[in-house]
Amino acid sequence: MLSRYFPVLEWGRTYDRSVLTSDLMAAIIVTIMLIPQSLAYALLAGLPPVVGLYASILPLVLYAIFGTSRTLAVGPVAVVSLMTASAAGAVAGQGSAAYLEAAITLAFLSGIMLAVLGLLRAGFLANLLSHPVISGFITASGILIATSQIKHILGIDAGGDNWPEMLGSLAIAVFEANPWTMAIGTPAMLFLFWVRKGGKPALQRLGLPGRAADMLAKAGPVAAVALTIAVVIAFDLGDKGVRVVGAIPQGLPPFAMPSTDLALIEKLWVPALLISIIGYVESVSVAQTLAAKRRQRISPDQELIGLGASNIAAALSGGYPVTGGFARSAVNFDAGAQTPAAGAFTAGGIALASLFLTPLLFSLPIATLAATIIVAVLSLVDLKTPGRLWRYSKADFAAHLVTIMATLIAGVELGVIAGISAGLLLYLWRASRPHAAIVGRVPETEHFRNIDRHKVFTVPHVVSIRIDESLTYLNARWLEEYVLEQVAARPEVRHVILMCSAVNAIDASGLESLEAINHRLGDGGIGLHLSEVKGPVMDRLNRTHFAEELNGKVFLSQDRAFAELLNDTGEPPPPADQYLARGLI
């Protein structure tokens, strides 16, 4: 029972020296990657860079205790940082104490929400976000984030709450670009783009083995940080308009408290909920992907608790909302991490950096952090999905496009809400118009298929309708109209068979429609029959008067129903090919 809520008790039993060695090696590599990334994402969130370090210490320790993924690396991520900036910016100005308080409160609210949902085993709520909606939101967020960082590459002042405003602001200010800043930011960005794809092959050509070359290439951002700091110091670029990080407080994260102002909480709870949902979906997707590669499993409900604890820890240590990130988790996985202890060791590495390395970052150019962000988020922009969705499902393409456009034009919060709304509306529309087909028997078999797609045997006095959806209040009236329409188009019909092999449930509205169909067909002298009804569905029907009032029968199989009703006219059955419905094979 305890290990269910404290997964550390499960993997901790078998922890040994070899696992410790693997976790320590992975932690060293992830720490090197995480330091510049944490600083950059704090900048993206509109917070002091040190807040990114704070958000990368205690949250990792708490996830190691409560999380179920062996390789998920928790910390600041690009999309959540953007959402934090949007939510905190709506209640306070960037750089103010109130802005930092809002970010801390967001983390605390998000943590409480995630933990409560986990205790209620409500992980299924994440299913409200379909893949097209998530993909569209992440793509649009990547575009927004990259656009927002161009001003730092150019060394100009620009802003905007949405993509058109950002582009307009950049167009106006572009002629004021600082050439020294561009001379730092542009090469740094090009180097990071190159090292992402070409770093490993180049190192292998120099004789390094594959694994070492891969790990060293992933340390590219650290090299960019070190080189640009050296250039700024050597050429005194701080006095030439190149903006630098400046003094970063040295020491461990301070104890912090979220705001108890109800007016502020009222403004932040909706953004906190959206951050929780987006962060959870992203984190669980990464965790499940990596777990599958090692034939491991995670608990989605316990992941809610793990992420909730991490966000509460982030708030209490002066950080901001965190979740599992794909890039650092993939590095953690490739580096050989075996347990969540690797995350705790990474937290130790970040803590040491906060204690001893922050003075070295005084001259770190903001442009370098912006280049790190741009390179990281452009990998989130997926330009192939719209084409695939258009070919496969126009409805899913519409939800995807609505999410992208709403996020770019109206902002991240309204973009998420618009995407969820579009996805739910499309689901309700599809559920209210389920697929159904008139079926006939495939000659010399017991199989029944759609008469418009196959060569099948039918008789005029029996119509067999296959229902390919559960019967609920969304489609009950549609079924009633569909059945009566098919009967009206076939005056010779004496029996209607509803083939229920795909019906998993029938709610009260569906039952009422079945009763209405039964009465109306009975009044016309037509029998209503059911076939292939699933056990749980039949159990519920047997608890009602419908089973007694049904004017036909319930058959175990569609073949048995058709065989029994085939000769109900009292006349010899017609030749098979007389009623052969020819269609697509």
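Exposed, in what follows, means over 50% relative accessible area, and buried means under 20%. Keep those cut-offs in mind for the side chains I will go through. The model is a predicted one.

Let me start with the salt bridges. Searching the whole structure turns up 8 of them. I will cover a few.

Three residues belong together here: Arg477, Glu480 and Arg520 are joined in a salt-bridge network. Take arginine 477 and glutamate 480 to begin with. Their side chains form a salt bridge at 4.0 Å, N to O. Both sit in helix α21, residues 476-488, and because they are 3 residues apart there, about one helical turn separates them. Arginine 477 has a relative accessible area of 58%, so it is exposed. Glutamate 480, at 13%, counts as buried.

Next, the other partner of this glutamate. Arginine 520 makes a salt bridge with glutamate 480, and the closest N and O atoms are again listed at 4.0 Å. This pair connects distant parts of the chain: arginine 520 lies in helix α22, residues 508-523, glutamate 480 in helix α21, and the two are 40 residues apart. Arginine 520 has 51% relative accessibility, so it counts as exposed.

Where does arginine 466 find its salt-bridge partner? The partner is aspartate 468, with 2.9 Å between the closest N and O atoms. Is arginine 466 buried or exposed? Its relative accessible area is 17%, so arginine 466 is buried. Aspartate 468 comes out at 26%, which means partly exposed.

That is the set I wanted to show.

Methods:
Residues numbered from 1 in each chain as written. Predicted model: local features only at pLDDT ≥ 70, side-chain atom pairs only at ≥ 80, totals over all residues. Heavy atoms only, no water. Buried < 20%, exposed > 50% of the residue type's maximum accessible area, 1.4 Å probe, protein only. Helix = DSSP H or I, 4+ residues; strand = E, 2+ residues; numbered from the N terminus.
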